[in-house]
Amino acid sequence: MKNFALIGASGYIAPRHMKAIKETGNHLSVAYDVNDSVGIIDSISPASEFFTEFERFYDYANNLQLDPKTALDYVAVCSPNYLHRAHIAAGLRLGCDVICEKPLVPSVKDLDALELLEEQTGKQVRNILQLRHHDSILKLQEKVKSAGERNTKFDVDLTYITSRGRWYAESWKGDPRKSFGVATNIGVHFFDMLNFIFGSLQDSHVHLSEEESAAGFLEYENARVRWFLSVDANNLPEDVKGKKTTYRSITIDGEELEFSEGFTELHNISYREILAGRGFGLKEARHCIETVEKIRSAPVNIAMGDMHPFLRK
């Protein structure tokens with residue numbers, strides 16, 4: 001049984017980490033968040049210590065390290081995006097391996113700094129890139145591999161709209177200095193998936209870059225991808241509005257990828273892989289970090305690359 005600490009316990013994704021820790025037979029020793037709305041802990045790990053001040057949390061964690069019976073093995077990071085690097089570094093310096101939500105960090109420079117810290121501490125960082133474990137994605141990857149050399153690349157349309165209310169703009173997620181924008185915040189794992197299936201990125205153009213929506217064109221070794229991401233409910237297709245708050249679609253050469261189910265266990269699978277000595281580290285995360293960094297820094301240019309159908313409308 002491994003001992004875990006959790007940073008960012010009151011966030012949306014934290015319960016999935018708590019459940020994964022419990023359901024893989026491990027122990028959540030201590031959790032931290034500046035927000036004290038963490039009643040979910042009662043149904044998962046009620047005996048865990050909890051702190052709302054990082055200094056007290058870190059001192060407690062340090063004391064746990066003095067006794068082999070209580071020493072922490074892992075720190076799970078579910079804090080806001082802009083704090084990931086600092087919290088990963090804190091976990092490594094505690095002498096723990098770190099499991100971090102996506103986006104791991106915003107830039108290649110940050111990745112390089114974490115690589116150096118891994119060398120200094122002898123510990124490792126693992127990123128939650130759960131789409132790599134999704135059955136539909138694995139089957140698609142095999143289909144692309146079995147297709148072998150083609151005269152033309154796959155034509156892919158990626159559309160993801162996940163409606164958010166007015167609270168979103170008031171939270172850290174609505175601040176591009178903290179979330180790094182829509183393409184990074186809700187898109188980074190999709191860009192990782194595209195790399196995982198279609199190979200290295202060769203070209204990138206941005207057609208839309210707004211607070212609530214972004215779109216562009218990506219060309220990979222084996223695919224040409226038109227992408228559209230949004231948190232604005234007004235962008236939902238007409239046949240979805242009023243029925244669902246989320247729309248997710250991936251088409252390959254005009255054929256829809258069945259992608260509506262199979263998400264509930266992906267964090268558990270991710271944890272099992274990491275605990276088995278596998279999982280995805282800084283090397284695997286580098287490509288999608290490079291991609292979102294390019295998207296954030298690129299000028300909007302609608303004349304370059306093929307435009308997503310939602311923009312044409």
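**Entry 1: Asp155 and Arg224**

I started with Asp155, which forms a salt bridge with Arg224, the closest N and O atoms being 3.5 Å apart. I count a salt bridge when a side-chain nitrogen of Lys or Arg is within 4 Å of a carboxyl oxygen of Asp or Glu. Asp155 sits in strand E7 (residues 154-162) and Arg224 in strand E10 (residues 223-230), so this pair ties together parts that are 69 residues apart in sequence. Helices (H or I, at least four residues) and strands (E, at least two) are DSSP runs, numbered from the N terminus. Both partners came out partly exposed: Asp155 has a relative accessible area of 41%, and Arg224 has 31%. My classes are buried for under 20% relative accessible area, exposed for over 50%, and partly exposed in between (1.4 Å probe, protein chains only).

A note on the ground rules: this is a predicted model, where local features need pLDDT of at least 70, side-chain atom pairs count only at pLDDT 80 or more, and totals for chains, interfaces and linings use all residues. Residues are numbered from 1 along each chain as its sequence is written, and side-chain values use heavy atoms, with hydrogens and water left out.

I found 14 salt bridges in the structure. One of them joins the side chains of Asp112 and Arg286 at 2.8 Å, N to O. Asp112 belongs to helix H5 (residues 108-121) and Arg286 to helix H12 (residues 282-297), so the pair ties together parts 174 residues apart in sequence. Asp112 is partly exposed at 37% relative accessibility. I also saw that Asp112, Glu115 and Arg286 are linked in a network of salt bridges.

Next I looked up Glu273 and Arg278, whose side chains meet in a salt bridge at 2.7 Å, N to O. Glu273 is partly exposed at 22%, and Arg278 is partly exposed at 45%.

**Entry 2: a hairpin**

I turned to strands E8 (residues 201-209) and E9 (residues 213-220), which pair in the antiparallel sense over seven bridges. Pairing needs DSSP to find at least two bridges between the strands. Leu201 has Tyr220 in E9 as its bridge partner. E8 and E9 form a hairpin, with three residues between them.

**Entry 3: cysteines**

I searched the whole structure for disulfides (cysteine sulfur atoms within 2.5 Å) and got zero. For Cys78, the nearest cysteine sulfur is that of Cys100, 7.7 Å away. Cys78 is buried at 8% relative accessibility. Cys288 is in no disulfide either, and its nearest cysteine sulfur, that of Cys100, is 11 Å away. Cys288 is buried too, with a relative accessible area of 1%.
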